[in-house]
Amino acid sequence: MRTVDLITKKRDGGELTENEINSLIGGYTDGSIPDYQMSAMAMAIFFRGMTPTERANLTMAMVHSGETIDLSEISGIKVDKHSTGGVGDTTTLVLAPLVASIGVPVAKMSGRGLGHTGGTIDKLESVPGFHVEIDNETFIELVNRNGLAVIGQSDNLTPADKKLYGLRDVTGTVNSIPLIASSIMSKKIASGADAIVLDVKTGDGAFMKEMAEAEDLASCMVDIGNRVGRRTVAVLSDMSQPLGNAIGNALEVKEAIDTLRGVGPQDLTELCLTLGSHMAVLAGVASSKEEARALLEQSIADGSALEKFKTFLAAQGGDASVVDEPERLPTAKFRFEVPSKEAGFVATIAAENMGLAAMLLGAGRATKESKIDLAVGIVLHKKIGDSVRIGESLATIHANNEAIQDVLVKIYESIRIQQQMVAPPPLVVGEVK
Ligand code: URA
Ligand code: CA
């Protein structure tokens with residue numbers, strides 16, 4: 001079949017068959033279909049959209065473009081969680097040991113990625129000695145033994161998606177819901193997930209800033225998962241302000257430890273309990289969300305969740321004593337408070353801009369080559385709805401450099417204070433099954 005015929009078919013609103021999609025993705029992966037034809041196809045999809053069947057077929061074609069991880073030697077239903085990204089999102093660090101402690105097997109493949117802070121792996125590497133360079137056999141053995149392990153992402157996972165995402169980035173076709181949904185779902189399925197819990201963020205700090213868009217993306221991903229035999233649930237959660245208080249790598253590990261101990265920020269705790277309950281139900285460890293939640297709360301209260309985190313860190317070379325002595329984590333040389341210039345109530349904390357402030361400190365990666373400073377970041381002392389007095393600290397800056405003027409400006413710019421009381425925004429704003 002000629003690629004140009006597939007492009008004109010989609011351009012004119014036609015539906016591509018499974019065969020046509022396989023041939024397109026196969027040809028693009030092996031280089032026989034050039035970037036310029038794939039660009040035209042991506043633009044045609046951008047304007048015409050895709051039917052539910054097309055999206056599912058595209059997802060599976062991308063899954064089969066490279067290696068797929070076989071987790072069949074791990075007993076139980078493997079449930080993976082994916083977040084569409086946000087600012088200061090510490091959920092994976094908390095959720096993985098938390099759900100593992102009640103019997104949900106967690107075989108997590110994770111990346112580094114670009115962003116305001118590092119990815120889950122970067123954060124975990126702030127624990128001295130911890131590493132994810134383990135072979136597949138060890139990975140599976142650790143999950144079977146401890147219920148939890150994290151491995152770095154294989155380079156050969158969904159190569160079609162890698163190539164297509166790069167192309168979309170420079171052709172104005174990133175923002176297409178069917179393309180985003182199949183991109184995300186293909187990676188989860190290729191990494192071996194039997195079932196998937198999605199945390200789709202909405203608000204200023206999210207990829208999908210509008211609620212309606214986030215809902216569309218969530219429904220689209222849930223539909224794909226269910227069509228290809230992976231039970232999928234999506235939670236829509238608020239990212240109009242950063243999640244939890246800490247934004248930074250070691251700072252978020254500390255925040256995760258606090259949360260596993262039961263003394264973490266309320267919003268982070270709540271989101272972890274919500275996502276964790278869905279994971280436990282999909283894994284068959286609990287028969288209802290309510291039952292699952294009770295198990296998770298119990299595990300935090302009796303210390304099993306924290307114990308699981310220690311076991312996990314130690315099994316991958318990490319110094320588990322950081323859990324009881326977090327001062328052993330990388331610590332920044334300087335701390336600066338950010339005193340409020342006004343009295344009133346916190347009305348907004350622009351998440352995206354706060355993320356950029358953390359990035360200026362060196363907490364994140366602007367390009368693949370950038371080096372991350374694991375110690376630096378920002379800890380918020382106020383969230384939307386809190387009252388504040390003049391001179392009271394809004395946040396602490398953890399820096400390895402005294403030149404923080406730009407960071408300070410960004411933080412003040414991000415936090416708006418008003419005289420009238422403000423209700424804190426609801427955290428979990430929807431659910432799609
Ligand atoms: N994240 C992905 O993994 N893929 C997209 O297309 C967009 C965001
Ligand atoms: Ca956080």
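Biologist: Which residues of helix 4 are buried?

Modeller: In this predicted model, the buried residues of helix 4 are Glu54, Arg55, Ala56, Asn57, Leu58, Thr59, Met60, Ala61, Met62 and Val63. Buried here means under 20% relative accessible area.

Biologist: Why is helix 4 called largely enclosed by the rest of the structure?

Modeller: Ten of its twelve residues are buried, so helix 4 counts as largely enclosed. The elements covering these buried residues include helix 1 (3–11), helix 2, helix 8, helix 9 (177–190) and helix 10 (211–227).

Biologist: What makes the span of helix 4 (residues 52–63) close to the expected one?

Modeller: From first C-alpha to last, helix 4 reaches 17 Å, against the 16 Å expected at 1.5 Å a residue.

Biologist: Why are helix 2 and helix 8 called roughly perpendicular?

Modeller: The axes of helix 2 (residues 18–30) and helix 8 (residues 159–169) cross at roughly 80 degrees and come within 9 Å. Angles of 65 to 115 degrees count as roughly perpendicular, and the two helices are therefore given that description. Ile25, Tyr28 and Thr29 of helix 2 meet Pro159, Ala160, Lys163, Leu164 and Leu167 of helix 8. These contact residues comprise six nonpolar, one polar and one charged.

Terms used: Residues are numbered from 1 along each chain as its sequence is written. Chains are lettered from A and ligands numbered from 1 in the order in which they are written. This is a predicted model: local features need pLDDT of at least 70, side-chain atom pairs count only at pLDDT 80 or more; totals for chains, interfaces and linings use all residues. Side-chain values use heavy atoms; hydrogens and water are left out. Axes are lines fitted to C-alpha atoms, for helices over the stretch in contact, and angles run from 0 to 180 degrees between N-to-C directions. Helices (H or I, at least four residues) and strands (E, at least two) are DSSP runs, numbered from the N terminus. Angles under 35 degrees count as roughly parallel, over 145 as roughly antiparallel, 65 to 115 as roughly perpendicular and the rest as oblique. Contact means heavy atoms within 4.5 Å. Ala, Val, Leu, Ile, Met, Phe, Trp, Tyr, Cys and Pro count as nonpolar, Asp, Glu, Lys and Arg as charged, and the others, Gly among them, as polar. The expected span of a helix is 1.5 Å times one less than its number of residues. Buried means under 20% relative accessible area, exposed over 50%, partly exposed in between (1.4 Å probe, protein chains only).
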